[in-house]
Amino acid sequence: MFQGNNLSMKPVMPRVRAQDEEEEDLVDPQQTLREQCHEERKCTALHEKYMACNDRVNSRSKTTELCNEELFDYLHCVDACVTKSLFFV
């Protein structure tokens, strides 16, 4: 029997532990592929174009120029490269 308010209403969270005692750092394959694809000549050229635009915009105090197109071109290049290896092994 329960007497008074001795019943705890805290949820019990089970603990799950790995079988191995040694912990290994997990590596996200997408991040690794992004770094590799960034090094490809086409993507590197688009990144340099984006950085040049970014530097130009940041050097001005008043401008309406944005670097969206350059950023999207670069990200599209990296994503297309990653997709080839990540999903079609």
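Biologist: At what angle do helix α2 and helix α3 pack, and how far apart are their axes?

Modeller: Keep in mind that this is a predicted model. Two packed helices are described by the angle between their axes and the distance between the axes. Here, α2 (residues 41–58) and α3 (residues 68–86) pack at about 160 degrees, and their axes are 9 Å apart.

Biologist: What does that angle tell me about how α2 and α3 run relative to each other?

Modeller: Angles over 145 degrees count as roughly antiparallel, and therefore α2 and α3 are roughly antiparallel to each other. Their crossing is left-handed. On the α2 side, the contact is made by K42, C43, L46, H47, K49, Y50 and C53, and α3 brings E70, L71, D73, Y74, C77 and V78.

Biologist: How do the residues of that contact divide into nonpolar, polar and charged?

Modeller: You get 8 nonpolar, 1 polar and 4 charged in the contact of α2 with α3.

Biologist: I spotted cysteines there. How many disulfides does a search of the whole structure find?

Modeller: A disulfide is a covalent bond between the sulfur atoms of two cysteines. The search finds 3 here. Take C43 and C77, joined S to S at 2.0 Å. C43 sits in α2 and C77 in α3, so this pair ties together parts that are 34 residues apart in sequence. The torsion about their S-S bond is about -90 degrees, so the disulfide is left-handed.

Biologist: Which cysteine is joined to C37?

Modeller: That's C81, with 2.0 Å from S to S. C37 is in helix α1 and C81 in helix α3, 44 residues apart. Another disulfide is formed by C53 and C67, their sulfur atoms 2.1 Å apart. C53 belongs to α2, while C67 is in the loop between α2 and α3.

Biologist: Is C53 buried or exposed?

Modeller: Buried means under 20% relative accessible area. C53 has 1%, so it counts as buried. C67 is buried too, at 9%.

Biologist: If you number the bonded cysteines in sequence order, what is the pairing?

Modeller: The pairing is 1-6, 2-5, 3-4.

Methods. Residues numbered from 1 in each chain as written. Predicted model: local features only at pLDDT ≥ 70, side-chain atom pairs only at ≥ 80, totals over all residues. Heavy atoms only, no water. Axes fitted to C-alpha atoms, helices over the stretch in contact; angles between N-to-C directions. Helix = DSSP H or I, 4+ residues; strand = E, 2+ residues; numbered from the N terminus. Parallel < 35°, antiparallel > 145°, perpendicular 65-115°, else oblique. Left-handed = near helix turned anticlockwise from the far one by under 90°. Contact = heavy atoms within 4.5 Å. Nonpolar A, V, L, I, M, F, W, Y, C, P; charged D, E, K, R; others polar. Disulfide = S-S within 2.5 Å. Buried < 20%, exposed > 50% of the residue type's maximum accessible area, 1.4 Å probe, protein only.
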